[in-house]
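Subject: Structure handover

Hi,

Here is the structure for your files. My notes follow below it.

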Amino acid sequence: MVESVVPGIKEGLSNGDYCLASGVLFIVGAMRGAIYDLNTARVFSVDKKACEVLNGESGDGGKFWEKLAALNLATRDNLERRSILLELLQKPELQFVWFEIISDDCNESCAHCYADSMPPSHRKALGLPMGGYIPLEEAGETKTRSSKLTADKWKELIADVYSLGCKRCQFIGGEPFVYKGEGGESVLDLAENAKSTGFKFIEIFTNATLLTEEKIKRIKDLGINIAVSLYSKDPETHDHITNTPGSHRKTITALQMLKQAGIPTRVETVLMRPNEHAIKETQKLVESMGFSHKHPDVLRPKGRGDNPAISPSRESVVKYALMTSPNFSVDKETLSRYISGHSCLMGKITITDNGDILPCIFSRNFAVGNVQDSSLQEVVIGNKLETVWRATKDQVLVCKDCEYKYICFDCRPLSEGVNQGRGDYLSTPYPRCTYNPYTGKWAEGVWRLDDEGNPYYDETLKPIIEEVIATAKLESVQPTGH
């Protein structure tokens, strides 16, 4: 056996006559195991007896090795024993940045906003902070610093991010088109600065209600991308979610102008109780308009989204969010990322308008530093961020005992939000997987934490999971014609 550089993965296993082929890896779980074939992207589930054979704990395994050979997973060839994982391990580096140039202010007040953004008039009426200066206690004396970054500071940070090797970014808010710098700078001015600095991919995430023909022409000339939130095909539902009458009409008009201008645009829909009844029709509308989109993004319980009144029904959660079967594949790029660090967070940061650096735009209470206190480089190479970037599922409760842990996606802010702070940010179990690695069974429940922070398999969703799976099977059966 090759000495593995990843303790949970075994390479070069042999019974004397056969050995695992190059690029074929074995991972042991609590009850079962998995074979990852990097040559074909296939993933094979194996039972406890097969795990014992591969581990050399059972002498009666010749026929199993012959089956592996028939699948090109094993060979009689005397292979050079070297670790393929060595060449897959990455050093985490800055790859993508969210520039949250305006965190608090927006011209809409969406019911689910993770950042609690709203129009300044609403903020003032509620008596919330409006910017200015905030006190700092340093070395026994009170100082102040600006609570918001200046446009010049944003330009400095854009240059700093690029100097660290990052060439991909997104400008976001709040509503980024509400942003106005001290010299009148707009989000498009900052985007143009990023373009001239050398960024290869620049995107602005917007509700699109403030776009005009003039702005769209400039977006086109700059060659940048746009992402837009659309909550429903139905205007009343969309406007109800944004708490802004007429917002649906403005967003649809802007999407039509973006399409006509040929600007690369993707449309995102957050699924929640107010819009779940028409989610299919909304997706069809997006497709009919010719825009790219992803699967509906099921609401994360963050910010105003942590409101039971707008939480999607359990049926919608099961249908659109839960993983109910082992539909896995494996390739070198994915495995390389997942064994080197966090599947989503590695290489990413958010910089908010008060200078906080977050590992994810949804991780609002998990700052790893602040650019008004330290240089960006100091934070990026600091221990706090490195700990987050290098975190794998080997640290996540339950997931660490699963044979699919190196090919399965993870979301830390979602895990934290669902469990209401009952666990550690990096170890809280992933709440959208129905697999129980201790029984080897799928689709019987989901993992949660109890009040003491211990994981348990919650089976209250089992009847709904079974119903959704049964319905999906019926819908997949196509009627035959005559």
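How many cavities of 30 Å³ or more does a search of the whole structure find? The search finds 2.

First, the ground rules. This is a predicted model, so local features need pLDDT of at least 70 and side-chain atom pairs count only at pLDDT 80 or more, while totals for chains, interfaces and linings use all residues. Residues are numbered from 1 along each chain as its sequence is written, and side-chain values use heavy atoms, with hydrogens and water left out.

**Cavities**

A cavity is a set of points on a 1 Å grid over the protein atoms alone where a 1.4 Å probe fits but cannot get out; lining residues have an atom within 4 Å of a point. Grid points are joined across faces, edges and corners, and a volume is the space filled by probe spheres set on the points.

The largest cavity has a volume of about 130 Å³. It is lined by 16 residues, and K393, V398, C399, C402 and C433 are the closest to its centre. That lining has 14 nonpolar residues, no polar ones and 2 charged. For the classes, Ala, Val, Leu, Ile, Met, Phe, Trp, Tyr, Cys and Pro count as nonpolar, Asp, Glu, Lys and Arg as charged, and the others, Gly among them, as polar.

The second largest cavity holds about 50 Å³. Its lining includes Y338, H342, K393, C408 and D410.

**Cysteines**

The model has 0 disulfides (a disulfide is a pair of cysteine sulfur atoms within 2.5 Å). C408 is in none; its nearest cysteine sulfur, that of C433, is 5.4 Å away. C433 is likewise in no disulfide, and its nearest cysteine sulfur is that of C408. C408 counts as buried because its relative accessibility is 9%. C433 is buried too, at 14%. Buried means under 20% relative accessible area, exposed over 50%, and partly exposed in between (1.4 Å probe, protein chains only).

**Second largest pocket**

A pocket is an open set of grid points with protein on both sides within 12 Å along at least five of seven lines. The second largest pocket has a volume of about 530 Å³. Its lining has 24 residues, with S311, P312, V317, V418 and R448 nearest its centre. α10 (314–320), α14 (412–418) and β20 (446–449) each supply at least two lining residues. α14 gives the most, with 3. By class, this lining has 12 nonpolar, 7 polar and 5 charged residues.

**Fold**

The protein chain has 15 helices and 21 strands. Both are DSSP runs numbered from the N terminus: helices are H or I with at least four residues, strands E with at least two. The radius of gyration is 25 Å, close to the 23 Å that the globule rule gives for 482 residues, so the chain is as compact as a globular protein of that length. That radius is taken over C-alpha atoms, and the rule is 2.2 Å times the number of residues to the power 0.38. The C-alpha trace spans about 75 × 70 × 50 Å along its principal axes. Buried residues make up 51% of the chain.

Two strands pair if DSSP finds at least two bridges between them. β17 (348–351) and β18 (356–358) pair antiparallel over 2 bridges. I351 has I357 of β18 as its bridge partner.

Best regards
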